[in-house]
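Reader: Before we start, please show me the model. I would like to learn how to read a protein surface that faces DNA.

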There are 2 protein chains.
Amino acid sequence: MINLSVRRSSEPSHPGAAHAALQQMATEESGALCLEAFGSPFHFKKGNADLDAIRRHALGRRSFRPHTEMLNQNEIARDVLMIVDGLACTYHLLDDGRRQILSFCLPGDLIGIAGSPHAPLGYAAAAITNVAVAVLPQDRLLPIARTNPDFAMSLTRAVIASQALSQHHLTNVGRRTARERVASLLLELYCRVQGVSGTAAGEIQLPLTQEEIGDALGLTHFHVNRVLRALRNDHVVEFVNRVLRVLDVDRLSEEAGVEPGLFLSQAA
Amino acid sequence: MINLSVRRSSEPSHPGAAHAALQQMATEESGALCLEAFGSPFHFKKGNADLDAIRRHALGRRSFRPHTEMLNQNEIARDVLMIVDGLACTYHLLDDGRRQILSFCLPGDLIGIAGSPHAPLGYAAAAITNVAVAVLPQDRLLPIARTNPDFAMSLTRAVIASQALSQHHLTNVGRRTARERVASLLLELYCRVQGVSGTAAGEIQLPLTQEEIGDALGLTHFHVNRVLRALRNDHVVEFVNRVLRVLDVDRLSEEAGVEPGLFLSQAA
DNA sequence: CGTCGGGTTGACCCTTTTCAAAAAAAGTGG
DNA sequence: CCACTTTTTTTGAAAAGGGTCAACCCGACG
């Protein structure tokens, strides 16, 4: 049902020699392991005030290769990570292998904020593409907040925004048909990716497998495949070769059953 | 499919004369409309530091009768509400009447915190029983946070805790069977109610309809009924007459597929 | 050139929904 | 305290939306 081949992030990486220059570029402040290219369509373009406020306090950078685990759901998370480049996801993994993807994480998203400082995180995070993150040690949050009150509110707003998305997903999975769910997720990703990349073409790069889509929507990848085909036949969206082409945005949001503009506010 | 008979909360209330004394008791700080009795099993017993920090800044109180709307999903929320007594829920309402309950709100829970100060809330909230809340105007959050950094972090932690619950629900609905979902929700409510009420009996008052349970779990109330019967036949839990009796906690958490103690941390 | 991760398809099965209807409970007003 | 109404719970039968399983295809990659 799921791809369990997620490698531990602590594994040493073996970047090809050709990538050396880019790695240098990425190895800014800290001695974190940095690798791979950063020409992805998922780069942090325009910042909003809150995110910049948070990012300003980051202590370093780290990078992750595709399909590596960024946060473990049973360990206490030492650091909060802000995605700077690339695509990741957070998820729950059940004992028998079932997986629920909780969110797809784009540049600007925060992952790993813990409620209690020494409790396990409760969810895992993994890189989907190459991912670069800014690192913010968990135990620096309170000190920073004390000297910088706006920082704390920025943090709060970031968490609230991400919860609004979680709730949207819950409604999706709980009360919508497979077709509506797929339409809704594609619309969401289309809007969010355009939001962070600043572009506005009719298509985006979307390096997701149908299995990942299914794990986010509570469907099997078989059924995702069927729905995708139907959506393509009906000239709503095409999702082939990791490219999502939206043929008719209004139609898509109609199919999804969401008010257009729901996801645009995310990018504000 | 859903009960659309939610009355506007602005309706004047008509408390019986017998309740006068109790009303007085409840009308503490402000001229808010207060009514009805407060002998419910859902009363704010033991506070944790964060919640007290937040509640300390509340400006007044309000009460809601059962099935009245507390927050509207299309309006901008003026106030943040902290439940002090009673049971409420937050939900999304789709155009065609489908409803997804996002969370059940017990004393200590915060609802209505807005990410952007002037955007619609995105979800609604309704009282299930009589509900008493502490009111905290949205626009006081930032001023308070500025002079009191710990308040902001308390707020952040409260939102994080509630997001953890949302995510748990998402996994429930997306990747678990009907039986697992019902078991999981009952276990959650059992633990949370005992947490806030401070009791530890084998049963709790749980004034929910099967329809509400279904709307929270992405099931029809017909199927909830059948699952409930099966669980009763198997001597795991009994849920009759608004009373939830847990016959075997370990068995229940096993059925739910969650590690026992997941929800206990909520009450900490 | 052979393996491997994804995508695609069809047939079949099963969990859950839908619909109709009745019984039980809970309010409401007199 | 009793009729009367409205919710809520319960049950059965039938339909359907998705899941399961078994293949096969394809391009990427070593």
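**Reading a DNA-facing surface**

Author: This is a predicted model. In it, 17 residues surround DNA strand D, and the closest are A178(A), R226(A), Q210(B), N225(B) and R229(B).

Reader: Which elements supply the surface near DNA strand D?

Author: A residue counts as near a strand if one of its heavy atoms lies within 4 Å of it. Here α7 (221–233) of chain A and α7 (221–233) of chain B each give at least two residues to that surface. The largest share, 6 residues, comes from α7(B).

Reader: What share of the DNA strand D atoms within 4 Å of the protein belongs to sugar or phosphate?

Author: Sugar or phosphate accounts for 67% of these atoms, and bases for the rest.

Reader: Which side chains have an N or O atom at a listed distance from the backbone oxygens of DNA strand D?

Author: Among them is N225(B), with a side-chain N or O atom 2.6 Å from a phosphate oxygen. R229(B) places a polar side-chain atom 2.6 Å from a phosphate oxygen as well. For R242(B), the partner is a sugar or linking oxygen, at 3.3 Å.

Reader: How can chain A be laid on chain B?

Author: A turn of 180° with a shift of 0.0 Å along the axis does it, with an RMSD of 0.1 Å. That is the relation of a two-fold axis. Of the interface residues of chain A, 100% are also interface residues in chain B, so the copies meet through the same surface.

Notes: Residues numbered from 1 in each chain as written. Chains lettered and ligands numbered in written order. Predicted model: local features only at pLDDT ≥ 70, side-chain atom pairs only at ≥ 80, totals over all residues. Heavy atoms only, no water. Least-squares fit on C-alpha atoms with pLDDT ≥ 70 in both. Contact = heavy atoms within 4.5 Å. Polar contact = N/O pair within 3.5 Å; in protein donor to acceptor, adjacent residues only side chain to side chain. Helix = DSSP H or I, 4+ residues; strand = E, 2+ residues; numbered from the N terminus.
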